[in-house]
Amino acid sequence: MARAYETVSFLSDFGTQDEFVGVVKSVIREIAPHAVVIDLTHGIAPFDVRAGSLALARSISYVASGVVLAVVDPGVASARRGVAIEVADGEGVLIGPDNGLLAPAVSMAGGAGRVVELTNTERQLPAVGATFAGRDVFAPAAAHLCNGVDLSELGEPIDAGLLLPGVVPLPQADDTTVIAQVLWVDRFGNAQLNVGPADLSERFGDRVDIRFSVPTDPTGGTTRSARRARSYAELPGGAVGLVVDSSGMLAVAMDQRSAAAELGLDVGDQVTLTAGDDDAQPGSQPVSIRPH
Amino acid sequence: MARAYETVSFLSDFGTQDEFVGVVKSVIREIAPHAVVIDLTHGIAPFDVRAGSLALARSISYVASGVVLAVVDPGVASARRGVAIEVADGEGVLIGPDNGLLAPAVSMAGGAGRVVELTNTERQLPAVGATFAGRDVFAPAAAHLCNGVDLSELGEPIDAGLLLPGVVPLPQADDTTVIAQVLWVDRFGNAQLNVGPADLSERFGDRVDIRFSVPTDPTGGTTRSARRARSYAELPGGAVGLVVDSSGMLAVAMDQRSAAAELGLDVGDQVTLTAGDDDAQPGSQPVSIRPH
Amino acid sequence: MARAYETVSFLSDFGTQDEFVGVVKSVIREIAPHAVVIDLTHGIAPFDVRAGSLALARSISYVASGVVLAVVDPGVASARRGVAIEVADGEGVLIGPDNGLLAPAVSMAGGAGRVVELTNTERQLPAVGATFAGRDVFAPAAAHLCNGVDLSELGEPIDAGLLLPGVVPLPQADDTTVIAQVLWVDRFGNAQLNVGPADLSERFGDRVDIRFSVPTDPTGGTTRSARRARSYAELPGGAVGLVVDSSGMLAVAMDQRSAAAELGLDVGDQVTLTAGDDDAQPGSQPVSIRPH
């Protein structure tokens with residue numbers, strides 16, 4: 001017997017200037033009045049599938065049981081498939097375009113169970129134009145699942161192995177150097193790197209040199225000494241820190257100001273971390289364990 | 001016996017930087033705890049009644065049954081009336097200022113049924129200042145309707161024919177030329193025109209010349225060749241397209257970039273469409289049927 | 001027996017570009033599925049505790065009974081305490097950092113009843129990093145209260161007298177002059193002052209001279225004549241007004257344009273009001289009663 005759901009967690013690049021988000025919620029409300037929609041964010045930059053996939057991955061372990069609806073969909077109405085992916089023995093279902101957006105979250109949720117392509121037009125709205133699959137295809141699918149419609153009624157099963165993977169850049173690490181990348185700059189200007197604290201060997205002490213390119217600097221790079229800190233408030237005014245952020249990753253941060261703005265860091269920038277000298281333990285065994 | 005409602009769909013120019021939207025929802029929550037509020041958008045530019053009326057008209061056929069609360073209200077506390085308008089035999093009620101904001105949506109919903117002016121102060125909050133009718137007049141009205149209070153208890157009946165009409169610009173079309181206007185530029189930079197596909201005669205083929213003024217161009221106009229496409233993704237990089245958008249109207253669009261930014265198009269701009277030469281069918285009968 | 005709550009009213013400086021707000025709501029949804037979260041605003045400028053405290057104070061008398069969750073928290077993970085404060089005999093509980101953010105709202109709600117520091121980690125989420133107390137500490141506290149958990153189970157009681165007070169600037173007023181400050185500039189450009197209509201003596205008539213500094217003006221100040229008006233629409237085009245706003249305070253305003261932008265006013269600016277000459281009543285008794 002099919003399971004019903006109570007919650008739809010919704011992420012998109014729709015913004016909130018237009019009525020897109022409201023219309024999607026209206027469609028869900030009309031089909032499944034009992035379902036509660038929780039907005040994760042709609043502030044993903046237009047078409048930025050990677051940023052959307054990372055935000056979804058950061059959220060997924062906190063999201064309520066139920067349906068996750070994610071729409072960053074530059075290829076709408078093209079050959080890209082719309083899919084619904086069961087995870088965690090059906091405790092959750094992720095719905096969206098098969099363009100890599102869902103992949104990291106699916107992986108963090110333990111991998112895909114059943115997968116269908118959303119081919120059953122009887123479970124969709126008649127489309128005026130083909131450009132708003134969020135309204136016409138994905139929202140009805142989410143709502144019908146909430147009503148207890150089984151995944152298999154939404155379309156043809158497909159092989160989970162054929163889903164488009166997400167692309168998350170891996171750092172290059174050795175004993176004294178880690179070449180990292182900025183994954184995300186949040187509202188407060190913290191620049192999250194693609195490394196966790198366990199990516200730094202024991203050679204790294206309380207001070208870490210961080211080197212990055214600055215477009216306006218013709219010498220091609222700047223080095224700053226960052227101190228490792230548990231909280232932003234531990235950083236004296238103007239000091240740059242490396243703080244374990246709320247996703248468990250290292251972030252370049254400052255106290256009550258934007259490290260990204262101050263240092264000129266943006267998503268995708270390379271940041272090289274080098275063990276500083278203050279309290280390095282040269283005789284220790286370097287150990288590198290990825291946090292996730 | 002009066003009908004009760006479960007949903008309030010809410011549109012405004014309040015933005016979300018301030019607490020205005022939250023306070024309106026708090027008022028509704030306190031009076032009608034069972035009502036669910038769905039935000040259509042609060043990103044209408046301040047005082048832009050026309051933009052609000054268009055967003056509401058685009059949304060109305062998707063909005064859940066119940067109350068629609070719309071507040072773009074430059075004339076708050078002046079002579080303009082606050083009204084509640086029944087539509088679709090009472091399946092919905094639109095509430096807001098009588099300044100043209102509601103008119104296109106009412107029309108799309110089949111026209112006005114009973115109408116009252118919101119004159120009954122016993123169904124309003126005692127106002128601190130007169131500037132926030134959304135909180136003091138419109139929200140309580142919406143909430144009381146949700147509780148089953150009859151429309152007639154909110155104020156004096158007025159003649160629907162006296163409501164201020166909305167103003168939607170009409171295109172001028174002949175066999176080979178359509179003079180259109182940009183109605184809306186969405187977050188993705190698609191420039192919606194006030195013409196649907198049926199406004200183009202059969203003389204229009206797959207290619208359409210679009211001509212528009214560019215403020216920075218002293219010659220007063222630019223012409224681009226646009227190809228008609230079903231989806232953005234069909235447009236090769238840099239090509240301009242005419243796509244049937246999610247409202248069923250033609251939009252000037254590009255693939256994964258903002259056509260409006262690229263071409264310098266803004267709301268209100270005139271765009272002239274002329275049949276291109278590639279596949280025109282000179283002998284065919286021109287037919288022009290308005291879509292709505 | 002403990003009281004349970006149905007509503008969480010949520011204010012923060014999280015913005016909506018990132019998923020912070022959505023994650024906080026997801027945590028509440030998972031712990032207390034019946035609770036409805038109402039967003040007051042998340043547009044408080046990053047770290048701006050004062051702006052957050054003022055927005056909360058403006059909202060508090062409209063907020064639904066239940067829990068108020070407020071997070072503007074530059075000192076997260078430092079020595080600052082997280083607290084829960086009962087008000088109105090337990091009709092409401094305010095949760096957030098003890099940094100002055102909650103103080104004005106608590107005061108407007110009649111003062112603090114029981115207060116606890118949120119020290120009971122069994123009622124919190126295990127933190128990945130220490131930087132997101134909204135998710136790990138405050139949201140679970142709010143949700144548990146909704147479930148009927150008593151305040152005393154969230155941590156150790158503390159003396160309400162030891163809570164950090166908020167700082168609201170007081171005006172200086174005499175018979176013919178009031179030195180005020182801009183508390184808030186809203187989306188529409190109205191500049192709310194820290195004076196209510198009762199702060200102006202009877203010497204003030206329908207016209208008030210307002211004097212303020214303009215950074216770009218080397219003479220250090222500009223004087224404009226403002227007319228008192230009940231609504232924005234009463235102000236002729238280009239005229240500056242003093243309008244009693246929706247909080248009952250005087251705001252410098254214009255009709256359908258931003259007075260703040262036009263006059264160069266910003267939060268914190270000093271504005272001196274002087275009785276104009278048009279209809280001053282020189283023989284009357286000056287009376288000054290503070291509105292709150």
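About 2700 Å² is buried between chain A and chain C, with carbon and sulfur atoms giving 56% of that area; buried area here is the accessible area (1.4 Å probe) that two parts lose on being put together, summed over both. On the chain A side, the residues that lose the most area to chain C are Y62(A), R187(A) and F188(A), which together make up 29% of what that side buries. All of this comes from a predicted model, in which local features need pLDDT of at least 70, side-chain atom pairs count only at pLDDT 80 or more, and totals for chains, interfaces and linings use all residues. As for bookkeeping, residues are numbered from 1 along each chain as its sequence is written, chains are lettered from A and ligands numbered from 1 in the order in which they are written, and side-chain values use heavy atoms, with hydrogens and water left out.

Staying with chains A and C, the contact (heavy atoms within 4.5 Å) takes 34 residues from chain A and 34 residues from chain C. The rule finds 1 salt bridge across this interface, a salt bridge being a side-chain nitrogen of Lys or Arg within 4 Å of a carboxyl oxygen of Asp or Glu. The side chains of R58(A) and E19(C) meet in a salt bridge at 2.6 Å, N to O.

Turning to what chain A brings to chain C, at least two residues each come from β2 (36–41), α2 (49–59), β8 (177–185) and β12 (240–244) of chain A. The largest share, 5 residues, belongs to β2(A). Helices (H or I, at least four residues) and strands (E, at least two) are DSSP runs, numbered from the N terminus. By class, this side of chain A splits into 14 nonpolar, 11 polar and 9 charged residues; Ala, Val, Leu, Ile, Met, Phe, Trp, Tyr, Cys and Pro count as nonpolar, Asp, Glu, Lys and Arg as charged, and the others, Gly among them, as polar.

Next comes the interface of chain C and chain B. Here, 34 residues of chain C are in contact with 34 residues of chain B, and the area buried is about 2700 Å², 56% of it from carbon and sulfur atoms. Y62(C), R187(C) and F188(C) lose the most area on the chain C side, together 29% of what that side buries. The salt bridge count is 1, and the side chains of E19(B) and R58(C) meet in a salt bridge at 2.6 Å, N to O.

Back in chain A, D245(A) sits in the loop between β12 and β13 (250–253). Leaving aside neighbours within four places in sequence, D245(A) is in contact with Q192(A) and A251(A), and with V128(C), G129(C) and T131(C).

Chain A as a whole has 5 helices and 14 strands, and buried residues make up 56% of its 292 residues.

Technical notes:
Buried < 20%, exposed > 50% of the residue type's maximum accessible area, 1.4 Å probe, protein only.
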